[in-house]
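Hi everyone, thanks for coming. Let me put the sequence and the model up on the screen.

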Amino acid sequence: QHYFTVLFGHEGQKPLELRCEDEADGDEWVEAIHQASYSDILIEREVLMQKYIHLVQIVETEKVAANQLRHQLEDQDTEIERLKAEIVALNKTKEKMRPYQGNQEDEDPDIKKIKKVQSFMRGWLCRRKWKTIVQDYICSPHAESMRKRNQIVFNMVEAESEYVHQLYVLVNCFLRPLRMAASSKKPPISHDDVSSIFLNSETIMFLHEIFHQGLKARIANWPTLILADLFDILLPMLNIYQEFVRNHQYSLQVLANCKQNRDFDKLLKQYEANPACEGRMLETFLTYPMFQIPRYIITLHELLAHTPHEHVERKSLEFAKSKLEELSRVMHDEVSDTENIRKNLAIERTIVEGCDILLDTSQTFIRQGSLIQVPSVERGKLSKVRLGSLSLKKEGERQCFLFTKHFLICTRSSGGKLHLLKTGGVLSLIECTLVEETEAS
């Protein structure tokens, strides 16, 4: 019932047909024949032979390397023995060349005294020479320059400490108390006015606290003073001064307007009476940041004057000075533009009819004042003047404003208000021609 056939790969061999009693026994035989494949055994034997050959080659290589190392060790031992013998021979030669010295205990006491005096003299001469070198350096121009440079750095640290204290008083004695007052039930000042007056002064305080800590850490490592990298950290953050400087004049105006409120004025005087203020007013503390950038420029200028050209920090300090000068110029230009715009707007608000040409940001104010408009007479007759008709017997006072592009002529009413002349009140100077009359008449 249960049989399997074995077929051979070559001709002439008849196939074998084998039978088992049950199916399980037949499956076991077939599986056993599969596992007993001669070709698989040959392949496995070949793999094992390759591994054996590889291991034999490794062993042979290691034997050759070990033999080489053994020869090297023997050569080194021989070289060591030769060097030892050479050292012994050199020592013997040195002993022969050295004069005879008896035992130190047997040395003559006078010789000992002479040697001791010679030792003292050599020490005294060495110390005197070193003292001369030090004294020469102390009196040298380089040492004097370094002393001045160190003094400038110490003064800068003291000035920075004083400036941080001023900012601390500004923030803690004025800004934060006024913020609390603005949040009270009956606020004497609004939050917008507080922001307009102080702007980013708190941020400036935090920045200079960090810079001051860095300066103190550098002073702790004196006489090694490296300051350029501190300015490298400070320079990118100094742009916050642009906003503060640009807003300074406006903040003082807002503060002056807030002082019209009696409650605010009374509260502010209480804050200014704080001993930490030392009798100074809020306007004084708001002005301190305006001078900080020029102070840094002056300090770096003095520092560079006493820094040798080959000094490792000279290029970095010169770069910091140039950046600060550039920032100072930008801030000065921005402040000038801002002040010009505010001046134009202030004049525009004083004119009852208003004046659109003053809203031009490129219009720069030059001067203002009162001028007398005289009647014009031509061949005995009253001529019609461009600035309005006037009586022969009466001269007219005009309030005049000169700008880069226009000339404004106003009259002042009895109430003090300004009115543009209806005819010729705004004169354009863009295409005007200035004529100077040389005739005496």
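I'll go through a charged patch, the cysteines and one leucine.

First, some housekeeping: this is a predicted model, where local features need pLDDT of at least 70, side-chain atom pairs count only at pLDDT 80 or more, and totals for chains, interfaces and linings use all residues. Residues are numbered from 1 along each chain as its sequence is written, and side-chain values use heavy atoms, leaving out hydrogens and water.

Let's start with charge. Glu-21, Asp-22, Glu-23, Asp-25, Asp-27, Glu-28 and Glu-31 gather in a patch of negative charge on the surface. Patch members have over 30% relative accessible area and no salt bridge, and like charges are joined within 9 Å; a salt bridge here is a side-chain nitrogen of Lys or Arg within 4 Å of a carboxyl oxygen of Asp or Glu. One of the patch residues, Glu-28, sits in helix α1, residues 23-35, a helix being a DSSP run of H or I with at least four residues. Glu-28 has a relative accessible area of 56%, so it is exposed (buried is under 20%, exposed over 50%, partly exposed in between, with a 1.4 Å probe and protein chains only).

Now, how many disulfides are there? The count is 0, taking a disulfide as a pair of cysteine sulfur atoms within 2.5 Å. For Cys-432, the nearest cysteine sulfur belongs to Cys-400, 15 Å away. Cys-432 is partly exposed at 48%, whereas Cys-139 is exposed at 65%.

Last stop: Leu-345, in helix α12, residues 314-350. Leu-345 is partly exposed, at 32%. Its C-alpha is 7.0 Å from that of Leu-358, 13 residues apart along the chain.

Definitions and conventions: Patch = residues over 30% accessible without salt bridge, like charges linked within 9 Å, V, L, I, M, F, W, Y side chains within 5 Å. Areas by Shrake-Rupley, 256 points an atom, 1.4 Å probe, with all protein chains shown as cover. Lys, Arg positive; Asp, Glu negative; His and termini not counted. Charge placed at Lys NZ, Arg CZ, Asp CG, Glu CD. Helix = DSSP H or I, 4+ residues; strand = E, 2+ residues; numbered from the N terminus.
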